[in-house]
Amino acid sequence: MKMNLNEKYLANMCVFSVCMLLVVWVIPETIALRHCLLILGFIVSGLIIKKNIQSLYPIRASNLSTYILFSIFIWVGIHWTFFSLNTELELSEIQSLWVRTFLGCVMGVGLGVSLRKYAQLARYFYVSIFATPLINLGAYGFDCFRQGSLVLPNNFVRFLFTKIETAYFGGMATAVASGNLIYLLTLNGNRQVVRRMVYWVFGIALMLASAIVSSTKNGMIIILVICLTLVIIFGVGVLKDYSKNQFIRISILTLIIFFIFTSWSVHKRYASPGWQDLLYDIQVAVDIDNNKQWMKAEGVPTYPLNALGHPIAINTYSRVAWATAGLRLIGQYPLGYGSINRSFNGMQNVAGIAHEHIGQTHSGWVDYGLAFGVPGLSILIFALLLTIYFGLKNKDQLNLVAVSICGALFVFCIFAEMSWKQYFESMLFFIAFSTAVVGYRKLDGGATGVVKN
């Protein structure tokens with residue numbers, strides 16, 4: 001009994017450190033606090049893992065994704081020893097970013113085990129994951145109050161963080177909301193279930209509002225992709241099941257569709273115009289041999305017109321062209337450069353490409369592929385796909401949340417900048433959490449993780 005109480009205390013400490021970290025991860029000048037929380041979470045998670053080692057070892061098919069994920073640290077060591085194109089820079093990141101990433105991965109596994117064993121703690125994790133959009137909307141409200149009127153999204157002064165934070169953590173929160181909604185769809189539609197479904201739907205509306213005020217195309221894309229997936233799932237549920245839950249499902253489906261169309265209309269008109277030319281702009285941007293403006297600093301050269309004769313959207317052109325160039329470089333250097341933060345810049349130097357842009361491609365998978373090559377990409381993508389597969393084999397509440405997170409990350413990293421500083425750390429934290437949730441089993445073979453509200 002004493003051991004169980006002690007273990008619950010450790011789980012409480014793990015969830016506390018994670019919740020605090022999710023609140024401060026995006027706030028500037030909090031690096032010392034983030035480090036303290038990572039260390040605390042790592043220590044208590046290590047003790048939790050030790051107490052539950054029988055459920056994680058030996059290797060089974062369902063927990064294979066956890067082992068695959070942690071093999072990335074072995075590959076980093078091998079890469080630095082044998083294949084690095086900048087050993088000094090890579091070593092500096094191993095001693096800083098990769099140490100924090102390892103701490104975060106252990107913390108993610110500890111969180112997954114904690115929520116499996118003490119499902120009631122999940123509610124605190126769910127609330128804290130909404131911290132970033134709430135802070136963002138609070139900053140927007142303060143800006144409106146300060147100026148005495150509503151502020152157009154493009155004129156919004158971001159007091160704390162930029163678009164990528166809003167997009168990424170908004171996407172993670174939407175994924176958590178969606179996983180819970182899909183689970184609730186399988187339950188009988190009593191009053192408590194309906195209340196919880198409405199809560200998650202309005203949580204998604206909160207994410208959409210945060211994306212609008214930040215004028216983030218990436219954030220809007222990932223949230224809308226998740227929402228459209230929800231519409232399909234709920235629509236199929238309506239068509240397949242003619243039970244008493246039909247009215248509830250149709251109501252939730254209608255509400256989600258309403259939020260999609262409303263937010264999309266507002267976003268296009270006030271926050272981020274130019275969507276109607278997106279495909280034409282992409283056609284110009286992928287032709288990096290004939291249109292070489294991507295080699296200059298963004299905004300400096302004269303940009304080409306698209307096929308409609310309209311001025312191309314500079315941010316669309318730059319990011320697509322950089323990603324195209326990055327993919328070409330991955331093909332030429334399939335083992336990678338060795339730096340998470342400076343892979344695109346460094347690889348262009350190695351290839352002898354004259355360039356003024358020294359940042360990243362803004363595509364998470366491309367940047368990561370430039371850093372650690374095809375082997376590094378294969379490790380993370382295989383871990384995500386395995387987690388999704390085994391999560392869908394046993395569709396309990398936490399598994400569906402894990403599957404939603406992995407699906408959102410897989411899509412989000414295609415077109416958004418994730419291989420950068422603490423965002424890379426947080427990405428691997430969420431993957432580790434998802435693999436642990438799917439891989440954990442009680443010693444009797446069952447699974448836990450249904451939250452009782």
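Tryptophan 25 is buried in this predicted model, its relative accessible area being 2%. Phenylalanine 169 likewise counts as buried, at 2% relative accessibility.

The structure holds 28 aromatic pairs. In one of them, the rings of tryptophan 25 and phenylalanine 169 have centres 6.3 Å apart and planes at 40°, so the pair is tilted. Tryptophan 25 lies in the loop between helix H1 (2–24) and helix H2 (31–51), while phenylalanine 169 belongs to helix H9 (residues 163–185); the pair therefore ties together parts that are 144 residues apart in sequence. Another tilted pair is formed by phenylalanine 82 and phenylalanine 83, with 6.3 Å from centre to centre and 55° between the planes. Here phenylalanine 82 is exposed, with a relative accessible area of 61%, and phenylalanine 83 is partly exposed, with 32%.

Helix H5 (residues 87–94) has the buried residues Leu89, Glu90 and Glu93. Viewed down the axis of H5, these buried residues fall within an arc of 95°, so they line one face of the helix. They pack against helix H4 (64–83), helix H6 (97–117) and helix H16 (364–393).

On the surface, Ile53, Tyr57, Ile59, Leu64 and Tyr67 form a nonpolar patch with about 460 Å² of accessible area together. Isoleucine 53 is located in helix H3 (residues 53–56) and counts as partly exposed, at 39% relative accessibility.

Side chains of opposite charge can pair when their charged atoms come close. A search of the whole structure finds seven salt bridges, including those in the table.

| Salt bridge | Closest N to O distance |
|---|---|
| Lysine 117 and glutamate 7 | 3.1 Å |
| Arginine 328 and aspartate 289 | 3.0 Å |

Lysine 117 lies in helix H6 and glutamate 7 in helix H1, so this pair ties together parts that are 110 residues apart in sequence. Lysine 117 is partly exposed, with a relative accessible area of 34%, whereas glutamate 7 is buried, with 5%.

Aspartate 143 and arginine 146 are three residues apart in helix H8 (residues 131–147), and about one helical turn separates them. Aspartate 143 is buried, at 0% relative accessible area, whereas arginine 146 is partly exposed, at 48%.

The bridge between arginine 328 and aspartate 289 joins helix H14 (residues 314–332) to the loop between helix H13 (278–285) and H14, and so ties together parts that are 39 residues apart in sequence. Arginine 328 is partly exposed, with a relative accessible area of 40%, and aspartate 289 is partly exposed, with 44%.

Terms used:
Residues are numbered from 1 along each chain as its sequence is written. This is a predicted model: local features need pLDDT of at least 70, side-chain atom pairs count only at pLDDT 80 or more; totals for chains, interfaces and linings use all residues. Side-chain values use heavy atoms; hydrogens and water are left out. Buried means under 20% relative accessible area, exposed over 50%, partly exposed in between (1.4 Å probe, protein chains only). Helices (H or I, at least four residues) and strands (E, at least two) are DSSP runs, numbered from the N terminus. The arc is that of the directions from the helix axis to the C-beta atoms. Contact means heavy atoms within 4.5 Å. Rings of Phe, Tyr and Trp (its six-membered ring) pair if their centres lie within 6.5 Å; planes under 30 degrees apart count as stacked, over 60 as edge-to-face and the rest as tilted. Patches are made of residues with over 30% relative accessible area and no salt bridge: like charges are joined within 9 Å, nonpolar side chains (Val, Leu, Ile, Met, Phe, Trp, Tyr) within 5 Å. Accessible areas come from the Shrake-Rupley method with a 1.4 Å probe; for residues, only the protein chains shown count as cover. A salt bridge is a side-chain nitrogen of Lys or Arg within 4 Å of a carboxyl oxygen of Asp or Glu.
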